[in-house]
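Colleague: I would like to learn how to read strands, salt bridges and surface patches from a model. Could we go through one case together?

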Amino acid sequence: LRGWEPNNAGTSIYLGVDHDYSEYFPNFHEIWLVDDYIFTEDDFEAFGCDPERIPIIITNYSVPDPTCAPPGKSSIVITSLLSYECNNSWNWYESYASYLEYRDQVMDIFIRRAEEVLPGLSEHIEVRDIGTPHTLERFTLSDGGSWSGFGPSFEESFTRAELHTTPYPNLFLAGSWVGAGGVGGALASGRYAADLVLAND
């Protein structure tokens, strides 16, 4: 296991907004803001740690689920792959104050960029918070703030059964570090592990 690398980490900004932005999401709940195309790893290295240029996803969760925010308001999340290593690991090793300063800069930049498609967004924010790769690592112990466990080569190297079983009787594995990562992958992994338990009962 020590030979496998964690998959991508990322950054999410959570906004409680006192404005209904549903008209800007007529038949969907996400807007992808991509200023440049990424064709190669060199392209990603060129602007993968630049909050001004990295692609961002703006999601209005109040569109698929109106109960996410009170009537006339919106629950909006801005997400990107601004990773654990960026800017000397978010200035984490310089000082905690430097980390907080850089974290707030990133939040301001992403909100300003989102205003290109959601006019007046910054004026309507009631609550805001940010989850950086360090946040994820702290609260979930996910190595490097990985959103989805190990990289794809890990899953490709094993069968599904090999991922979920162990050499120990009645010990099964589940979660985003077992097979496909992320929320969907973790749910599918839990279901598969439960099936193994039931089949073994």
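Modeller: We will take a strand, a loop serine, the salt bridges, a surface patch and a glycine in turn. Keep in mind that this is a predicted model.

Colleague: Which strands does β4 pair with, and in what sense?

Modeller: Strand β1, residues 11–17, pairs with β4 in the antiparallel sense over seven bridges. Strand β3 also pairs with β4 in the antiparallel sense, over five bridges. Valine 17 stands opposite serine 74 of β4, and isoleucine 58 has isoleucine 78 in β4 as its bridge partner.

Colleague: What does the side chain of serine 62 reach?

Modeller: The side chain of serine 62 reaches the backbone nitrogen of serine 75, at a distance of 2.8 Å. Leaving out residues up to four places away in sequence, serine 62 touches Cys68, Ala69, Lys73, Ser74 and Ser75.

Colleague: Now the charges. How many salt bridges does the structure hold?

Modeller: The structure holds four salt bridges. For each pair, read the distance between the closest N and O atoms, then the places of the two residues in the chain. Arginine 112 forms one with glutamate 52, with the closest N and O atoms 2.5 Å apart. This pair links distant parts of the chain: arginine 112 is in helix α3 and glutamate 52 is in the loop between α1 (41–47) and β3, 60 residues apart.

Colleague: How accessible are arginine 112 and glutamate 52?

Modeller: Arginine 112, at 42% relative accessibility, counts as partly exposed. Glutamate 52 is partly exposed too, with a relative accessible area of 35%.

Colleague: Which residue forms a salt bridge with lysine 73?

Modeller: Glutamate 126 does, and the closest N and O atoms are 3.2 Å apart. Glutamate 126 belongs to strand β5 (residues 125–131), while lysine 73 is in the loop between β3 and β4, so the pair links distant parts of the chain, 53 residues apart. Glutamate 126 is partly exposed at 47% relative accessible area, and lysine 73 is partly exposed at 29%.

Colleague: What does arginine 128 form a salt bridge with?

Modeller: The partner of arginine 128 is aspartate 108, with the closest N and O atoms 2.9 Å apart. Arginine 128 lies in strand β5 and aspartate 108 in helix α3, so the pair ties together parts 20 residues apart in sequence. Arginine 128 is partly exposed, with a relative accessible area of 35%, as is aspartate 108, with 41%.

Colleague: Let us move to the surface. Which residues form a nonpolar patch?

Modeller: Trp92, Tyr93 and Tyr96 form a nonpolar patch on the surface, and together they have about 380 Å² of accessible area. Tyrosine 93 is in the loop between α2 (86–90) and α3 (96–114), and at 58% relative accessibility it counts as exposed.

Colleague: Is asparagine 91 buried or exposed?

Modeller: Asparagine 91 is in the loop between α2 and α3, and at 15% relative accessibility asparagine 91 counts as buried. Not counting residues up to four places away in sequence, asparagine 91 touches Ser98, Tyr99 and Tyr102.

Colleague: Last, the glycine. Where is glycine 144 found?

Modeller: Glycine 144 is in the loop between α4 (133–140) and α5 (152–156). Glycine 144 touches Ala9, Tyr84, Pro133 and Glu137, with residues up to four places away in sequence not counted. From glycine 144 to lysine 73 the C-alpha to C-alpha distance is 34 Å, and the two are 71 residues apart in sequence.

Definitions and conventions: Residues are numbered from 1 along each chain as its sequence is written. This is a predicted model: local features need pLDDT of at least 70, side-chain atom pairs count only at pLDDT 80 or more; totals for chains, interfaces and linings use all residues. Side-chain values use heavy atoms; hydrogens and water are left out. A polar contact is a pair of N or O atoms within 3.5 Å; within protein, one must be able to donate a hydrogen and the other to accept it, and residues adjacent in sequence count only if both atoms are side-chain atoms. Contact means heavy atoms within 4.5 Å. Patches are made of residues with over 30% relative accessible area and no salt bridge: like charges are joined within 9 Å, nonpolar side chains (Val, Leu, Ile, Met, Phe, Trp, Tyr) within 5 Å. Accessible areas come from the Shrake-Rupley method with a 1.4 Å probe; for residues, only the protein chains shown count as cover. A salt bridge is a side-chain nitrogen of Lys or Arg within 4 Å of a carboxyl oxygen of Asp or Glu. Helices (H or I, at least four residues) and strands (E, at least two) are DSSP runs, numbered from the N terminus. Buried means under 20% relative accessible area, exposed over 50%, partly exposed in between (1.4 Å probe, protein chains only). Two strands pair if DSSP finds at least two bridges between them.
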